Amino acid sequence: MRARPKRREGLRALLWLSPWLAGFSIFFAYPLASTVYFSFTNYNMFTLEFVGLDNWRYLLQDDRVWVSAKNTLWLVVFMVPAQVVFSIGVAQLLTKLKTGVGFFRTLFYLPTLVPMVAGTVAFVFLLNPVGPVNQILSWVGIAGPDWFGDPSWSKPSLTALAVWGCGNTMVIFLAALLDVPKHMYEAAAIDGAGAWRQFRSITLPTIAPVLMFSLVTAVIYALQYFTQAMIASRVASGATDSAGSSFTPGYPEGSLLTLPQWFFHAAFRDSNMGYGSVLALLLFATSMIFTLILLRQFRKAEEVHS
């Protein structure tokens, strides 16, 4: 008799979960399984031939994969912390302002409203060798570099672009900081805690969930970095889409080539969907690894503070 109510509860639960299960199956499980299958084939959208592990073997021999993976890892290691630290710093500064808060909030948020392509083109113009930034630097005796034309400066230039457009993250941190109880700061100040001690012992633990969310989303975004790098590389190289012209992403010297760009080039420009599936699985696995590492580190941090 008890089995029937349990069975009914199970069926009722499945019924309520059915929209999610349908979405998960159609938009995640099936595409993932298809990608795994296509990774073992030579597929060009018209013909399909099973080739076993040939695509995976070619992955180990493809120099472009390792160049793009190194560039993408650079963005994760340097661009993500720069975005997060700058966003927290600006948000913290805005919580301290007494006047003009609305103006400065709008000022720092405005860059997020600029379309990515337009913002990237404008940045390349501003940072070109004879552009406004280098002219200003020359006034104080500094010879500005070829920002997007020099492999040593191209990724830092993209990082500056990313920091400039991190208004969304700044707003999220601002909301989290305004939620921190003020009496905790007052009590800490009475106990003699300085600004850094208050930030480390009160602010960071309180905004930890928001910080975790921002880091995970920023890492995933960096692993999927495509549009800005592609546009900056194309504009800086002077490439056009005229008949007979070709453009290989990564200018200058492969320094702006990211894994998503190479996936797009292999899968859609070279019509090699089988190898493109391998690159897509590589991106997926990398995203999962970084996410799991971040979750584990934050869980450890919560255990320490608790």
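Trainee: How many salt bridges does the count give?

Mentor: The count comes to one salt bridge. Keep in mind that this is a predicted model.

Trainee: What makes the contact of Asp54 and Arg57 a salt bridge?

Mentor: A side-chain nitrogen of Lys or Arg has to be within 4 Å of a carboxyl oxygen of Asp or Glu. For the side chains of Asp54 and Arg57, N to O is 2.9 Å, so the pair meets the rule. Side chains of opposite charge can pair when their charged atoms come close.

Trainee: How far apart are Asp54 and Arg57 in helix H2?

Mentor: Three residues, which means about one helical turn, within helix H2 (residues 54-61).

Trainee: Why are Asp54 and Arg57 called partly exposed?

Mentor: Buried is under 20% relative accessible area and exposed is over 50%. Asp54 has 42% and Arg57 has 47%. Both values fall in between, so the term is partly exposed.

Trainee: Which residues form the nonpolar patch on the surface?

Mentor: Among them are Leu11, Trp20, Phe24, Phe28, Phe284, Met288 and Leu295. Together the residues of the patch have about 1000 Å² of accessible area. Helix H1 (3-38) and helix H14 (273-305) each supply at least two of its residues, and H1 gives the most, with seven.

Trainee: How many aromatic pairs does a search of the whole structure find?

Mentor: The search finds 17. One of them joins Phe40 and Trp56.

Trainee: Why is the pair of Phe40 and Trp56 called tilted?

Mentor: A pair of aromatic rings is described by the distance of the centres and the angle of the planes. The centres of Phe40 and Trp56 are 6.4 Å apart, and the limit for a pair is 6.5 Å. Their planes are at 40°. Stacked means under 30 degrees and edge-to-face means over 60, so this pair is tilted.

Trainee: Which parts of the chain does the pair link?

Mentor: Phe40 is in the loop between H1 and strand S1 (41-43), and Trp56 is in helix H2, 16 residues apart. Phe40 is partly exposed at 26%, and Trp56 is partly exposed at 29%.

Trainee: What makes the pair of Phe263 and Phe268 edge-to-face?

Mentor: Their planes are at 85°, with the centres 6.1 Å apart. The angle is over 60 degrees, so the pair is edge-to-face. Phe263 is partly exposed at 23%, and Phe268 is partly exposed at 46%.

Trainee: Which residues do ring pairs link into a cluster?

Mentor: Trp20, Phe24, Phe28 and Phe284. These four residues are also listed in the nonpolar patch.

Trainee: How do you know that the charged end of Lys96 sits over the ring of Tyr185?

Mentor: The distance limit is within 6 Å of the ring centre, and the charged end of Lys96 is 5.9 Å from the centre of the Tyr185 ring. The charged end of Lys155 sits over the ring of Trp74, 5.9 Å from its centre.

Trainee: Where does UniProt list a "transmembrane region"?

Mentor: The unreviewed UniProt entry lists several, including residues 73-95 and 273-295. In the model, residues 73-95 are 100% helix, with the end C-alpha atoms 33 Å apart. Residues 273-295 are also 100% helix, and their end C-alpha atoms lie 32 Å apart.

Trainee: What makes the phi of Glu253 worth a remark?

Mentor: Most residues other than glycine have a negative phi, and most peptide bonds are trans. Glu253 is not a glycine, yet its phi is positive, about 55°. Glu253 lies in the loop between H12 and H13. The peptide bond from Tyr251 to Pro252 is cis, with omega near 0°, and Pro252 is placed in the loop between helix H12 (227-237) and H13.

Trainee: Why is Glu253 called exposed?

Mentor: Its relative accessibility is 73%. Exposed means over 50%, so the term applies. Met45 also has a positive phi, about 80°, but at 49% Met45 counts as partly exposed.

Terms used. Residues are numbered from 1 along each chain as its sequence is written. This is a predicted model: local features need pLDDT of at least 70, side-chain atom pairs count only at pLDDT 80 or more; totals for chains, interfaces and linings use all residues. Side-chain values use heavy atoms; hydrogens and water are left out. Helices (H or I, at least four residues) and strands (E, at least two) are DSSP runs, numbered from the N terminus. Buried means under 20% relative accessible area, exposed over 50%, partly exposed in between (1.4 Å probe, protein chains only). Patches are made of residues with over 30% relative accessible area and no salt bridge: like charges are joined within 9 Å, nonpolar side chains (Val, Leu, Ile, Met, Phe, Trp, Tyr) within 5 Å. Accessible areas come from the Shrake-Rupley method with a 1.4 Å probe; for residues, only the protein chains shown count as cover. Rings of Phe, Tyr and Trp (its six-membered ring) pair if their centres lie within 6.5 Å; planes under 30 degrees apart count as stacked, over 60 as edge-to-face and the rest as tilted. A charge sits over a ring if NZ of Lys or CZ of Arg is within 6 Å of the ring centre and within 35 degrees of the ring normal. UniProt positions are given in the numbering used here, feature names are shortened, and annotations may be inferred rather than shown by experiment.
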